[in-house]
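Trainee: Please take one part of this model and walk me through it closely. Start with the strands, then go on to the ligand.

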Amino acid sequence: MIELTDLTKRYGKFTAVDGINLTIPRGELYGLLGPNGAGKTTTMRMIAGILRPTSGRVRISGIDLQDNPLVAKNKLGFIPDRPFVYDKLTGAEFLRFVAGLYGQGGPEIERRIDELLELFELGPWKDELTESYSHGMRQKLIISSALVHRPEVIVVDEPMVGLDPKSARLLKDLLREFVTRGGTVLMSTHTLEIAEGMCDRIAIVQGGRIAAAGTMDELRYQTSSGGASLEELFLKLTGGLSERELSDLFER
Ligand code: ATP
């Protein structure tokens, strides 16, 4: 479960995240949509404990992140949009290193590491330095590292970027299985079909605030757009370019 209470982040006078209130229960895959600069990554980084909120609270599985950061972070796996791995470690060493950060090691973790590397078809490269990995391989290693300590909550920023269709499908299936077993997922994406196809509920963020939230049906009702696609809802809420503006762009 993820609970955000009045979550706010300011950079000087600029407010990137403006008092977000959101509860995502166990067993739910929740999508965060919004235009560039809306505040999605900032929100996710605050949930992951990488960025300190200016004000407001984050609770992971009922544990307050500010009061109990280590316990809360132990329950969470974060998959950032840019895969950062240590070049001079092999894939297996990197996963062992991450497990160590969570205070885990030994034969059980070694089995888990092998299982994840096989799952993402990284087995043959597990003893190669990650500097030789492709972008997609790094992304798969990062996803594995977010799962290695068996989290209860996964926060994932733009997960499908750089993954081949087979790996993207694997990640979708994996996240679905994770929530079916009682996990909680918060996922940001710009790919509206992915959001529509995968998410139980969706929040559309605009200017650091939640402009609308709910199931697809609830969003249609809130915006009184019966039968509208997610793209139409999104553009209605966030302001797409009109046909007139488009044609003006090419007027001489
Ligand atoms: P995108 O879809 O482009 O990834 P986003 O919704 O993830 O966008 P954020 O990265 O959360 O957006 O950024 C929200 C706003 O906060 C942007 O206007 C950004 O310029 C600003 N911002 C982010 N980090 C900083 C920083 N360190 N200092 C100042 N402003 C920042």
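**A hairpin and a ligand shell**

Mentor: Ile 202 has Gly 214 in β10 as its bridge partner. Two sourcing notes come before the rest. This is a predicted model, with residues numbered from 1 along each chain as its sequence is written. Local features need pLDDT of at least 70, side-chain atom pairs count only at pLDDT 80 or more, totals for chains, interfaces and linings use all residues, and side-chain values use heavy atoms, without hydrogens and water.

Now the strands. β9 (residues 201-206) and β10 (residues 209-214) pair antiparallel, over five bridges. Pairing takes at least two bridges found by DSSP. Strands are DSSP runs of E, at least two residues; helices are runs of H or I, at least four, and both are numbered from the N terminus. Two residues separate β9 from β10 in this hairpin. In the turn, Gly 207 has a positive phi of about 60°.

Next, the ligand. Its surroundings include Tyr 11, Phe 14, Lys 40 and His 190; such a residue has a heavy atom within 4 Å of the ligand. Five shell residues are nonpolar, six polar and one charged. Here Tyr counts as nonpolar, Lys as charged and Gly as polar.

Polar contacts are pairs of N or O atoms within 3.5 Å. The Tyr 11 side chain has an N or O atom 3.4 Å from a ligand nitrogen. A backbone N or O atom of Gly 37 lies 2.8 Å from a ligand oxygen. A polar side-chain atom of His 190 is also 2.8 Å from an oxygen atom of the ligand. β2 (14-24) and α1 (40-47) each give two or more residues to the shell. α1 gives the most, with three.

Notes. Polar contact = N/O pair within 3.5 Å; in protein donor to acceptor, adjacent residues only side chain to side chain.
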